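Here are some questions and answers on how terms are applied in one model. Please look at the structure first.

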Amino acid sequence: MGETKPINDQKPKSEVIEETKLIDDLTIKRTKRHFRPAHYLLKIQSYSLLCDTGVEKYDSGVFEASGHKWRLSIYPKGNEKMNGSGHISIYLAIVDTEKYTLGWEIYVSFKLFLFDQIQDKFLTIQDVDGVIRRFHDIKTEWGFHKFLSLKSFEDLSQGYLVNDCCVFGAELFVHERNAKREFLTMIKEPLNRTMPWKIENFSSLDKVTYYSKIFQVGDVRWKLLVYPKGIYNGESKVISLFLFCCDCILPEHKFFAEFKMRIKDQVNNENHVEKTEKHWFTTSSNEWGFSHFMPLKDLQDVSKGLLMNDALILEAEIIVISTVK
């Protein structure tokens, strides 16, 4: 009979170690740079004597950055509880949080450093893809369980430990949660979207331009604007109609409108003359419409019913409008 071997689903220890290293390499980005850390440097002399004291963790002094107080926590032989054995483990911790309000949160992106004294460069370690970490009352520190293997750290040719001296560093950026928010909404067929304007004694109008009263559609105020003899004051013998936005006051103000301008058929109430336009209204472009809406001879044609008893009925109708809050 053939020999029966026990089935073992567990992977060899070497494979588990390799998988763990692969996962670690995928989540940590390591680079080198000449520029020193912006916020903190910690120089440790007689590093071997520090390790001989049997200290599991060394907490640095407090430093201030981005309006908060911090410290580095270094595990010279690795944080065993977090599977950091055989490595240096290092963490950035926020301190003096007792003054913060209940439920505080601080969002931080950070880099931790180790000085290469041979190449005169800083080994820079950070989360892959610039992950932003959330510090709060339950989670007050973030860092790297496997910052650097002890084998690499203690290798004199690497330059991290020279004459029993090493230098760690930190820099960080706090992402403030005070960003201005803007909500843009496009509204189709808003309420009170039609703005009627009856103009009496049209033939007697002697000014270049006339404005209607103010109409409010949504949160935006509008006026109708008419040039009775055209925008070129009679040269083209047309009537010009425009929609004017009253709320484009500051440079950041902008409002979109798709709109119709029409002259009403006062006889049959069905053969209105209308045109459609769309425009983003701004401080530099706060009126938009039609410089050649229609010829004056067609407007004055009695059979069309547009000008009755020397009175004209104009309308502007908002089809789509934007609101920003």
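Q: Why is Y227 called buried?
A: Y227 has a relative accessible area of 11%. Buried means under 20% (exposed is over 50%, partly exposed in between, with a 1.4 Å probe and protein chains only), so Y227 is buried. The model is predicted: local features need pLDDT of at least 70, side-chain atom pairs count only at pLDDT 80 or more, and totals for chains, interfaces and linings use all residues. Residues are numbered from 1 along each chain as its sequence is written, and side-chain values use heavy atoms, with hydrogens and water left out.

Q: Why does F242 count as buried?
A: F242 has 8% relative accessibility, so F242 counts as buried.

Q: What makes the pair of Y40 and F63 stacked?
A: Rings of Phe, Tyr and Trp (its six-membered ring) pair if their centres lie within 6.5 Å; planes under 30 degrees apart count as stacked, over 60 as edge-to-face and the rest as tilted. The ring centres of Y40 and F63 are 4.3 Å apart and the planes are at 10°, so this pair is stacked.

Q: Why does Y40 count as buried?
A: The relative accessibility of Y40 is 15%, so Y40 counts as buried. F63, at 7%, also counts as buried.

Q: What makes the pair of Y227 and F242 edge-to-face?
A: The centres of the Y227 and F242 rings lie 5.6 Å apart with planes at 75°, so the pair is edge-to-face.

Q: Why does D247 count as buried?
A: D247 has 12% relative accessibility, so D247 counts as buried.
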